[in-house]
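Subject: Structure handover

Hello,

Please find the structure below. My notes on it come after.

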Amino acid sequence: MNRLFLLNVLFCIAYEIPAQLIVQPRLSVTAQLGESVTLQCSISRTQHSTFTWFKQVIGQPPVYMLKYDGKSKPIFLDEFNDKSHFKMQNIQSSFNLTILKAENPDMAVYYCAALSGSHVLFGNGTTLLIKGKLKVN
Ligand SMILES: *[C@@H]1O[C@H](CO)[C@@H](O)[C@H](O)[C@H]1NC(C)=O
Ligand SMILES: *[C@@H]1O[C@H](CO)[C@@H](O)[C@H](O)[C@H]1NC(C)=O
């Protein structure tokens, strides 16, 4: 065990490895077009002040969907502020995001993240696939 290794271990203990904190148990989930789908996330330590979800369509930058301080209601931003389409449930350390009536534009990778001071810690992400007939006009 050399000194660099030890430093690395200490660094990881001090800053906590994101993957250990934020668990998105499913790498991908397939939803039926028009049905509801729940994306699971749990955050193992809850002293982080803000919990968030990001949506990333392949080939585009991630977009900030919602933030939740663990106390009041979650705040859905911009186009995500649509109660008929998005819902977040928090029980203890879990922060599941439900998409109601899934549509093709919902196909994306969804990241659960915690904002803690100047750190942003991300989960591994869950890819949402939508299965069903496309309307061809
Ligand atoms: C994230 O993905 C890596 C690589 O597949 C895996 O080793 C790790 O356990 C995953 N982390 C969590 C928190 O699920
Ligand atoms: C999130 O989903 C998991 C798995 O279905 C469930 O065990 C957990 O209770 C859910 N959490 C909330 C807050 O609904």
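This is a predicted model: local features need pLDDT of at least 70, side-chain atom pairs count only at pLDDT 80 or more; totals for chains, interfaces and linings use all residues.

Residues are numbered from 1 along each chain as its sequence is written, while chains are lettered from A and ligands numbered from 1 in the order in which they are written.

Overall fold

The protein has two helices and 12 strands; helices (H or I, at least four residues) and strands (E, at least two) are DSSP runs, numbered from the N terminus. Read from the N terminus, the order is α-α-β-β-β-β-β-β-β-β-β-β-β-β. Of the 137 residues, 23% are buried. Here a residue is buried if 20 or more other C-beta atoms lie within 10 Å of its own, exposed if 12 or fewer, and partly exposed in between, with C-beta atoms placed from the backbone. Among the contacts with a separation of 6 or more, 54% are between residues 24 or more positions apart. A contact means that the C-beta atoms of two residues, placed from the backbone, lie within 7 Å.

Strand S5 and its partners

Strand S5 covers residues 50–56, and five of its seven residues are buried, so the strand is largely enclosed by the rest of the structure. S5 pairs with strand S10 (residues 108–116) in the antiparallel sense, over seven bridges; two strands count as paired if DSSP finds at least two bridges between them. In this pairing, phenylalanine 51 is opposite alanine 114 of S10.

S5 also pairs with strand S6 (residues 63–68), again antiparallel, over five bridges. Phenylalanine 54 has tyrosine 64 in S6 as its bridge partner. The hairpin of S5 and S6 has six residues between the strands, and glycine 59 in this hairpin has a positive phi near 85°.

The core

The largest nonpolar core contains 23 residues, and Trp53, Tyr110 and Cys112 have the most contacts inside it. Such a core is a set of buried Ala, Val, Leu, Ile, Met, Phe, Trp, Tyr and Cys residues joined through C-beta atoms within 7 Å. Two or more residues of this core come from each of S5, strand S8 (86–91), strand S9 (94–99), S10 and strand S12 (126–131). S10 contributes the most, six residues. In soluble globular proteins, nonpolar side chains tend to be buried together.

Leaving aside neighbours within four places in sequence, tryptophan 53 is in contact with Met65, Leu66, Leu97, Tyr110, Tyr111 and Cys112.

Leucine 128 lies in S12 and counts as buried because it has 21 C-beta neighbours inside 10 Å. Not counting residues up to four places away in sequence, leucine 128 touches Val29, Ala31, Val37, Leu39, Asp106, Met107, Ala108 and Tyr110. The C-alpha atoms of leucine 128 and asparagine 104, which are 24 residues apart along the chain, are 9.9 Å from each other.

Ligand 2

Which residues surround ligand 2? They are Thr38, Gln40, Gln89, Asn90, Ile91, Ser94 and Asn96, where a residue is near a molecule if its C-beta atom, placed from the backbone, lies within 6 Å of it. S8 and S9 are the elements that give two or more residues to this shell, and S8 has the largest share, with three. By type, the shell has one nonpolar residue, six polar and no charged. For this count, Ala, Val, Leu, Ile, Met, Phe, Trp, Tyr, Cys and Pro are nonpolar, Asp, Glu, Lys and Arg are charged, and the others, Gly among them, are polar.

Loop residues

Glutamine 92 sits in the loop between S8 and S9 and has a positive phi near 50° although it is not glycine. Glutamine 92 is exposed, because 8 other C-beta atoms lie within 10 Å. Lysine 101, in the loop between S9 and S10, likewise has a positive phi near 50°. Lysine 101 is partly exposed, with 13 other C-beta atoms within 10 Å. Most residues other than glycine have a negative phi.

Glycine 123 is in the loop between strand S11 (119–122) and S12. With 25 C-beta neighbours inside 10 Å, glycine 123 is buried. Its contacts, not counting residues up to four places away in sequence, are Ile22, Val23, Gln24, Cys41, Tyr111, Cys112 and Ala113.

Regards
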